[in-house]
Amino acid sequence: MKMFEMSHNQINQAPMESYMRNQFPFLGLKTPQRKAESKDYIKASKKLPMSAIYTEIADLYRRDAREYQYVAIDIAFANVKRLSFEDLQRLTQYIQIKSWWDTVDTWRKVFGTYVVIHPEQKEDVFNLFYKHDNFWMRRVAIILQLLEKDTLDTNLLTKAITYDLDTDEFFVQKAIGWALRNYSKYNPDWVRQFVASHNLSKLAFKEGTKYV
């Protein structure tokens, strides 16, 4: 594939960088414009062998502008039905590269979609993140099943949350609340019982009980 490049929008650049606490440079492309400019590139990726997909994602992650990391994840998501478990293992490295909630949570959609497609591998995927030294990886373990309702495995959710009950990391506690709040839409009784029987942080409790 030819070298993929996107345009700049100086009007949006500074506000987007500020929103991400100036941790990453931005081109200033909001999601609709980014998707429009990368549409053909993403489409072409579906015809590439997985080895070439890895090369494209690695190249995009080496770029400075944050939008290129978003496109890398878009490529992975566009090809999620082609991924094997070994592919998924290889892609977990990007949770720990240039990590912040924007990319971590978007990668979670890739992994979460994979387990919906391959439910028999859910626990294996979960274990890629569970008890990991990196808290961003553990955040993925907690919110891995956000796409699920009746198929959500409460045992895995319980394991992920209880492992980090006493962790003072904001993004982990926020994830606990998010996972509980989301599941309370479908199984409020379970969430009420869980909250009553576990000593949640104030943040996790506040976020997790919004709907119950």
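Modeller: The centres of domain 1 and domain 2, taken over C-alpha atoms, are separated by 26 Å. This is a predicted model, where local features need pLDDT of at least 70, side-chain atom pairs count only at pLDDT 80 or more, and totals for chains, interfaces and linings use all residues. Residues are numbered from 1 along each chain as its sequence is written, and side-chain values use heavy atoms, with hydrogens and water left out.

Biologist: What makes 7-82 domain 1 and 98-211 domain 2?

Modeller: Those are the bounds in the domain assignment of the protein chain; such bounds come from an automatic or database assignment.

Biologist: How do you know which area is buried between domain 1 and domain 2?

Modeller: Buried area is the accessible area (1.4 Å probe) that two parts lose on being put together, summed over both. For domain 1 and domain 2 that gives about 1400 Å², with 70% from carbon and sulfur atoms. Of the area that domain 1 buries against domain 2, Y61, I73 and V80 supply 35%, more than any other three residues.

Biologist: Why is the pairing of D102 with R66 called a salt bridge?

Modeller: The term asks for a side-chain nitrogen of Lys or Arg within 4 Å of a carboxyl oxygen of Asp or Glu. The closest N and O atoms of D102 and R66 are 2.8 Å apart, so the pair qualifies. Between domain 1 and domain 2 the count is one salt bridge.
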